Amino acid sequence: MVITLPTLGRVFCGICPHGFMGKYITKFGLKKTMPKWMQNQYIGVFLLVIGWWGIYYMFPGVYRTAMGTAIMFTVMTLISFVVYFLYKDMSYCKYICPIGTLTRAYSKLSFTWLGTYKSACNECKTFECATACPYNLKPFTFDKRNSMTDCTLCMDCSSACEAVSFKTKKPSFSLFSKFQTLKAEVWAFVLILASIPITMSFHHGIGRSNAASDMIWSKTAEFFKGFISFGSIDPIGLFAFLYAMLFTIVAALVGMFIASKILQKDFSKIFYDLGYSYAPLFILGSIAHSLETFFIKGYEKIVEGFAQGFGFTVDVASLANRGDSWLHMFGILKWIAIAWALIILYKRMKLLDANKMRKIIAYPFAASLIIFFLSVNMYRSLILDTYGRVSGGHGSHGGGAKMFQAVLNDKATILQSGRSKKSCTTCGMKLANSFKANYVAKQDGVTKQFCSLHCFSKEISIKKTPLTDFQVVDLKSLKFIDAKKAYYVLGSKKRGVMSKMSKLAFASQAEAIAFITKYGGKIVSFDEAYKNALRDFQKRPSQSYKKPTAFNTIYFSDTNPEAKKRKSYSGGHSHGGARNKVPSKKMWPTFEDNSGKKNCLGNIDADLYVLDANLITTKLTSSKDRGCKSVSFKMPDNGYYNLYYNSKTLQDKTLYVQTAKYEKMRFNHSNDAVYDEEKMSAHTIAEVPFDILRLREDGETFYHRLYSGDKIRLKVMLNSKAIQNASLTLSTQTGWSKTIKTDKDGVAVFTLLKDYFPEWNKFDRRHKNQFLLTANFAENAKGTHNDKEYASINYEATYTSTYYPADSAYRSYAYGLFAATSTAILSGFAIYWFRKRRQRPFKEVRFDEKN
């Protein structure tokens with residue numbers, strides 16, 4: 001829509017489902033005249049600004065779900081149906097539609113024009129063009145009025161009368177001449193500018209910087225949180241929206257008011273005449289954002305979503321990644337918008353009957369909103385360049401918080417030298433981002449600077465670096481003072497640097513007390529602050545974890561059982577991770593206790609192996625981090641990777657051999673990827689005595705996936721040989737399970753049953769059903785393990801994987817889409833053929849009566 005408005009005008013209205021429906025409903029409706037109080041274009045503008053954007057910023061998740069947008073569209077459809085049925089002349093489109101006034105206003109930027117041949121209209125008595133128009137417009141007046149009013153370029157008038165002409169002219173040419181202004185259109189420019197570009201810059205632009213908490217909308221939100229419970233409302237989004245509205249409206253009104261006084265003209269006339277210069281600002285800025293989004297993620301979603309509608313899978317990569325330098329070229333569109341707006345303002349200023357010198361003086365004041373728009377964009381870039389983006393990037397809409405200790409780059413005193421002089425000697429953090437907590441010291445006469453007491457104490461106590469002449473930044477003056485003579489405020493409300501507890505220094509005890517009065521905490525000496533910092537390096541007591549017994553089934557999980565939220569993604573095809581980085585996979589060995597609770601392992605007492613895509617076996621080690629132990633492996637090449645966990649436990653003269661297996665296929669969609677059937681077939685390794693293999697089906701490719709209804713063939717191997725009469729059990733998430741004995745070839749076949757039963761309106765064709773395969777076999781065999789004898793062996797192996805809902809579950813959607821698309825195409829051809837037969841080119845014939 002943002003692309004067609006400044007080019008072809010209101011052609012979007014020609015494909016709008018509400019407009020299409022209205023053209024037929026009004027023919028059979030009551031055809032009443034809409035009451036005067038409803039004939040108000042501000043209704044639609046209000047619904048768009050408050051009903052969509054206001055709610056979007058207050059409740060960020062409402063319109064980000066299919067159900068949310070479906071409910072909104074359904075409500076508007078019901079309203080439009082009632083209005084179309086009651087009133088004539090497509091009144092819903094003119095007054096109630098949230099984008100009706102908006103499209104009419106911005107269509108004035110287009111270079112398309114509908115007019116008539118005057119010589120033919122002079123003798124017209126039938127007015128067929130006006131009769132054919134569903135909006136009851138009069139195309140023969142468009143040229144004279146320099147306005148197409150509510151014309152949607154449906155071309156019904158051209159079918160009825162050959163005198164109607166379609167032309168192309170200069171972009172926004174109608175704004176360079178006089179026409180009857182509409183107040184609602186100017187306010188649409190102002191309010192939409194505030195609702196989208198300005199609020200987005202405040203909330204989603206500056207709000208993602210490390211300076212977000214210092215912005216007035218964030219401070220206002222924090223202030224009111226002390227008095228009001230906002231519940232599910234995002235207060236920062238709410239106040240960013242309100243402040244954007246306030247600043248934008250004030251910039252427009254104050255600037256135009258001063259300009260009207262200079263020009264000695266009525267304020268209302270100046271505001272609504274010159275206000276049309278605001279038109280390009282939102283439109284071109286939105287085109288820039290839309291194009292950038294298309295290349296980053298839009299193309300991928302459109303292609304995959306369209307294919308999904310037809311019931312088949314297409315897996316494509318985005319055309320660009322966030323941060324690609326070439327994407328910045330779209331930013332020039334904002335500068336074109338500003339230049340275009342200034343040109344329109346100049347042209348419209350020329351139409352005023354006023355002194356030339358007054359016009360020159362009034363011009364910058366009339367352009368105040370344009371200048372404000374420019375300033376917001378420049379300020380946003382300055383903030384992001386100075387403070388950087390908060391971690392979490394584009395995904396966090398709530399805005400990050402700038403550390404209290406941060407200062408601008410030019411305010412940070414850097415005393416050390418070298419290539420990395422602006423970074424902490426210990427951790428590499430940018431010193432300006434925590435300057436109020438900086439320390440300096442000397443090592444053999446060389447000055448070193450640290451971001452915080454945390455890194456400073458680590459350097460002395462952990463790394464045993466001999467440092468002298470300790471200095472710390474005084475929070476009041478931002479100058480370095482003797483660290484041992486400073487007064488430290490420990491445990492204030494301000495977040496610490498590299499530590500949970502802040503430790504801020506003051507040269508004066510009175511200043512420290514004043515800080516405590518506002519932010520809390522207590523005054524301590526350097527030694528006490530230093531001891532507190534050392535607590536960050538104390539070993540925490542290890543958490544106790546349940547240990548699996550020989551009777552617990554071990555299997556791999558792609559999620560950490562301790563994690564509160566799912567943070568990993570498994571299954572499907574790997575896209576290769578970050579650019580130029582070898583992708584890897586992390587898995588957690590887990591088991592379920594007697595209560596059914598999923599547990600992780602605090603210590604992995606087993607052998608870990610990975611069989612890579614080139615059939616090379618490598619021994620792995622578990623993670624060394626605290627908490628649940630995991631195992632990671634890299635996937636540099638296309639193909640299957642098999643992760644193994646193998647343990648042996650002796651109990652009551654029985655040796656329990658437990659194997660857990662996870663199989664992952666990596667495919668990076670490169671053109672040189674070759675599906676090698678030998679390497680891609682199922683393999684086992686000699687290091688694992690008991691194993692489950694998923695046998696490949698004929699015709700499998702890199703795009704292979706399992707679906708409900710598919711048959712899955714499995715082979716159980718004992719010491720690299722197929723084993724008969726092994727018990728193989730398949731279990732699904734809903735608790736269904738089935739056990740089969742392997743045949744003489746060690747093979748068992750299962751049918752993956754439907755295990756996904758969502759609500760009808762929440763169907764997800766990419767939903768992954770988890771399943772677990774467990775194989776068991778026992779044999780009488782004598783031997784020793786760890787110098788202890790055993791008389792029998794119990795083997796157990798697990799294999800975890802996923803499968804998707806069957807094609808039949810959503811194939812009907814494809815049939816419906818195909819039928820709708822075919823109907824639309826055939827209808828288009830039928831309409832074209834019908835109009836082609838009726839169309840008679842207009843010819844102007846002149847006769848010379850004398851001859």
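User: How many salt bridges does the structure hold?
Analyst: The structure holds 13 salt bridges. Bear in mind that this is a predicted model.

User: What makes such a pair form?
Analyst: Side chains of opposite charge can pair when their charged atoms come close.

User: Give me one. What does D150 pair with?
Analyst: D150 forms a salt bridge with R104. Their closest N and O atoms are 3.2 Å apart. D150 sits in the loop between α10 (142-145) and α11 (156-160), and R104 sits in helix α7 (residues 100-106), so the pair ties together parts that are 46 residues apart in sequence.

User: Are D150 and R104 buried or exposed?
Analyst: D150 is buried, and R104 is buried as well.

User: And R694, which residue does its side chain meet?
Analyst: The side chain of R694 meets E700 in a salt bridge, at 3.1 Å from N to O. R694 is buried, with a relative accessible area of 5%. E700 is buried too, at 8%.

User: What about K463? Which side chain does it meet?
Analyst: K463 meets E459 in a salt bridge, with 4.0 Å from N to O. K463 is partly exposed, with a relative accessible area of 43%. E459, by contrast, is buried, with a relative accessible area of 6%.

User: Let's zoom out. How many helices and strands are there?
Analyst: The chain has 24 helices and 25 strands.

User: And what box do the C-alpha atoms fill?
Analyst: Roughly 125 × 80 × 50 Å, taken along the principal axes.

User: What share of the chain is buried?
Analyst: Buried residues make up 46% of the 851 residues in the chain.

User: Now the surface. Which residues form the nonpolar patch?
Analyst: I216, L246, F247, V250, V254, F257, I258, M357, I360, I361 and F365 form it. Together they have about 920 Å² of accessible area.

User: Which elements give two or more residues to it?
Analyst: Those are α14 (235-263) and α18 (356-366).

User: Which element gives the largest share?
Analyst: α14 does, with six residues.

User: Where does I360 lie?
Analyst: I360 lies in helix α18.

User: On to strands. What order does the open sheet of four strands have?
Analyst: The order is β4-β3-β5-β6, and the pairing is antiparallel.

User: Which strands stand at the edges?
Analyst: β4 (446-450) and β6 (480-482) do. Each has a single partner strand, so one side of each is left without a neighbour in the sheet.

User: What does the twist average?
Analyst: The twist averages 30° from one strand to the next.

User: How many bridges join β3 to β4?
Analyst: Five bridges join β3 (residues 439-443) to β4, and the two run antiparallel.

User: Next, β19. What joins it to β18?
Analyst: Five bridges join β18 (residues 690-694) to β19 (residues 711-718), running antiparallel. I692 stands opposite V716 in β19.

User: How does β19 pair with β23?
Analyst: In the antiparallel sense, over five bridges, with β23 spanning residues 747-751. The bridge partner of K715 in β23 is V747.

User: And how many bridges with β20?
Analyst: Two bridges, again antiparallel, with β20 covering residues 721-722. M717 stands opposite A722 in β20.

User: What does N719 do in the hairpin of β19 and β20?
Analyst: N719 takes a positive phi near 55°. The hairpin has two residues between the strands.

User: Last one. Where is N599?
Analyst: N599 is in strand β12 (residues 598-600). N599 is buried, with a relative accessible area of 10%.

User: What does its side chain reach?
Analyst: The side chain of N599 reaches the backbone oxygen of K597, at 2.9 Å.

Methods. Residues numbered from 1 in each chain as written. Predicted model: local features only at pLDDT ≥ 70, side-chain atom pairs only at ≥ 80, totals over all residues. Heavy atoms only, no water. Patch = residues over 30% accessible without salt bridge, like charges linked within 9 Å, V, L, I, M, F, W, Y side chains within 5 Å. Areas by Shrake-Rupley, 256 points an atom, 1.4 Å probe, with all protein chains shown as cover. Pairing = 2+ DSSP bridges. Axes fitted to C-alpha atoms, helices over the stretch in contact; angles between N-to-C directions. Buried < 20%, exposed > 50% of the residue type's maximum accessible area, 1.4 Å probe, protein only. Polar contact = N/O pair within 3.5 Å; in protein donor to acceptor, adjacent residues only side chain to side chain.
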